[in-house]
Structures are given as C-alpha cells and as structure tokens.
Amino acid sequence: MQKLLTISVAAYKVERYLPETLDSFLIPSVREQLEVLIINDGSGEAISEIAREYEKKYPQIFRLIEKENGGHGSTVNRGIEEAQGKYFKTVDGDDRLEAEGFAALLDYLEEATEDLIVTDYYRFDDESGEWIDTIRHRFEGKRYGYSYAFDEICNQIYINMHAATFRTEVLKKMGRRLDEHCFYVDAEYMLYPIPLVETAAFLKKPVYEYRLGIATQSMEIKNMQKNCSHHEKVLEHLLDFYGEECASLSPGKRRYVERGAARILVSQIKIYLSFEPAGQWKQKIKVLDKKLKKDFPEVYQAVENAAVKWLRKSRYHIYPLASRACRKAYRCE
C-alpha cells in the first residue's frame, strides 16, 4: 500500500533535537501512513545512531539515508528522489509537528487530490519553549477543506516552506533541483513547482512548529551576512527561472512568482543594509536595483516593502539612515 505522506527530515548537526522531531511524527492513529526519510547530510555518526534506533523500532516508517554534505537543498533533492508517498513534506531536524494538526492533515490526505495543501504553523522560542506567534494564511472568503484553483487565490497570499505539503508527483516532475551547498533555498522549493500547481486546499489546524533562537540558524542576521553570496545565488537563479517560465505562466501564477522573487530581492537589500554603512554596500544596492529595473521590470515593480520604496524614491540618498535603521532592527550594533 502506498504511503500517504513522505516526510523528508534534513538532519545536519541536530542530534540535540532530532529525537523530539521524530517523536512528533509517532501519532498512533496515523503513523502507519507515513514514510519518514532521515537524511544525514554528512553530519557524522551521532545522527545515524539516532536514526538507526528509530529504524529498528519502527522499520515500516523510518529510513536512514546517509550522504555527503551538500546543504539543505541537497537533502530536499534527495528526499524528492526517494519519496514514495502520495504527498511530500520537508521538516527541519530541529523542528517538530503538532499532533492534532498533523493528524488532521493525514486524515485530509486520504481523499485529497490537490497539488498543494497549505496549513498554518507556530513559531516558538528555543530557550524558553514559549510560543511566539502563529503564521496564518488569510484571504477574503477563505474556506477550509475547499479545493481552490490556484489562480483563484494566489494573488491574495504567499506560501512558505513550513506551510506546504505538495503532491509528490508535482515535485518529481518540476524538472529543477534546488541549489546545493547553499542556504536560502526555501524560495526555490516554493516557486519552482508553481507552473505545475493547479489546485490548492487550506486546512484549519496548524501543523508545523518552527523553532527560533538557535544561533546557528541561517536566518540569523550575522549568518546572513556571512552567507551573503548564497543569498545572491538564489536570487539570481530565481530570476533565471522567472525569465524562462514567465511567458508560459498564467497571469496569476506569473504575478505570484514575481512577488516571490521580489521578496528575495528585498531580503538581499536588507542584507546589504545590515552591514556597517559603506560605499560598497550602497553601490551593490544601486547596481542590483538597476539590473532588476532593466531586465526584470515586473519583479522590480512587485516590491511591496515600504523601506525599499523610500530608498528608491530618494535615489538612495537616505542609504545611511536606512542602514542605521536596519542595523538597529537586527541588533547588529
């Protein structure tokens, strides 16, 4: 019998958290419907030892995959290749799933036909364990469990990795691989399948629990500064993707991809602003923005961030002020 859901667990130096992550999948009423791929991304024996314990105890659910280090994108690529479930979800090895919402998701997947299932998610603090907030996907007239044409709702929302459960066939057919040895590939994972996504459904109960406050997380600003070239690479590849696909996309999907790429553009500008104010960073912003305006005007116009709009309107003269504000917001000083 085909499993309903493949969960691909990216496991790199998360031995402290991995048992909690794996235990969160073991809901008696649903676990036989799962295939869980624990992908040890060249992280050493500690991860493999934990994974083997779960393989031994639950051989019909867990499978260890050991590979050379290739980064988060490589674990997702490998997970998609190996997946045998009807649907596919990726979970970071230091996060977890909420039991009630997860059970509701599996229940829905039994009869589901949509290409994309969207669920809200929680964020919690690693040190205190306290809930920070719930990320919700709101739009006018939203109906839970209703099968929407993606074009019908895609201009009202933006969906990220923690909220998404894709029909596995969509991911296998998308014809693109995420960047390897590279951070910030979440946007690639969420945008590359869009040409094949025709339908989507939204479920009421949050499923994913995203851990914040770990110093090694790629989204910490010091790590974003350190890995600035990775972010630039992802932006470049998303723009290439948009350039290759835009003519064949429906108007709604085209605008969705434009907005997604624009979000990464804004993040890139914020990284530049987060450095100590200097002419080289101001110049990088100007050069990047000029290139977007010339080569990808639709993406350029899709920027919704007020700070970037004011920066443009001032012809970048307020760069020092914008940089100080950004550094203060990210506590870089």
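Is D179 buried or exposed? In this predicted model, D179 is buried, with a relative accessible area of 10%. This residue sits in the loop between α6 (168–173) and α7 (186–191). Computed along the sequence, D179 and I50 are 129 residues apart, and their C-alpha atoms are 27 Å apart in space.

Charged side chains come next. The model has 27 salt bridges. One of them joins E35 and R63, at 3.8 Å from N to O. This pair links distant parts of the chain, since E35 is in strand β2 (residues 34–41) and R63 is in strand β3 (residues 62–67), 28 residues apart. E35 counts as buried because its relative accessibility is 8%, while R63, with a relative accessible area of 27%, is partly exposed.

The side chains of K67 and D41 also meet in a salt bridge, at 2.6 Å from N to O. Here K67 belongs to strand β3 and D41 to strand β2, and the two are 26 residues apart. K67 is buried at 17% relative accessibility, and D41 is buried at 2%.

A further salt bridge is formed by D120 and R136, whose closest N and O atoms are 3.6 Å apart. D120 lies in strand β6 (residues 116–125), and R136 lies in the loop between β7 (131–135) and β8 (148–149), 16 residues away. D120 is buried, with a relative accessible area of 2%, whereas R136 is partly exposed, with 40%. Salt bridges can also be joined to one another: E20, R96, D126, E209 and R211 are linked in a network of them.

A pair of aromatic rings is described by the distance of the centres and the angle of the planes. There are 17 aromatic pairs in the model. In one of them, F150 and Y256 are arranged edge-to-face, 5.3 Å centre to centre and with 75 degrees between the planes. F150 is buried, with a relative accessible area of 1%, and Y256 is buried, with a relative accessible area of 1%. F183 and Y184 make a tilted pair, with 6.0 Å between centres and 55 degrees between planes. F183 is partly exposed at 36% relative accessibility, but Y184 is buried at 10%.

Some rings form a group: F139, Y146, Y148 and F202 make up one aromatic cluster. Within that cluster, Y146 has R143 over its face, at 4.0 Å from the ring centre. Likewise, K313 lies over the face of W310, at 4.8 Å from the ring centre.

W310 is also part of a nonpolar surface patch with I318 and L321, and together they have about 320 Å² of accessible area. L321 is located in helix α14 (residues 319–329). With a relative accessible area of 52%, L321 counts as exposed.

Finally, how many disulfides are there? The count is 0. The sulfur of C228 is too far for a bond, because the closest cysteine sulfur, in C182, is 11 Å away. C228 is buried, with a relative accessible area of 9%. C326 is in no disulfide either, and its nearest cysteine sulfur, that of C332, is 6.3 Å away. C326 is buried at 9% relative accessibility.

Definitions and conventions:
Residues are numbered from 1 along each chain as its sequence is written. This is a predicted model: local features need pLDDT of at least 70, side-chain atom pairs count only at pLDDT 80 or more; totals for chains, interfaces and linings use all residues. Side-chain values use heavy atoms; hydrogens and water are left out. Patches are made of residues with over 30% relative accessible area and no salt bridge: like charges are joined within 9 Å, nonpolar side chains (Val, Leu, Ile, Met, Phe, Trp, Tyr) within 5 Å. Accessible areas come from the Shrake-Rupley method with a 1.4 Å probe; for residues, only the protein chains shown count as cover. A salt bridge is a side-chain nitrogen of Lys or Arg within 4 Å of a carboxyl oxygen of Asp or Glu. Helices (H or I, at least four residues) and strands (E, at least two) are DSSP runs, numbered from the N terminus. Buried means under 20% relative accessible area, exposed over 50%, partly exposed in between (1.4 Å probe, protein chains only). Rings of Phe, Tyr and Trp (its six-membered ring) pair if their centres lie within 6.5 Å; planes under 30 degrees apart count as stacked, over 60 as edge-to-face and the rest as tilted. A charge sits over a ring if NZ of Lys or CZ of Arg is within 6 Å of the ring centre and within 35 degrees of the ring normal. A disulfide is a pair of cysteine sulfur atoms within 2.5 Å.
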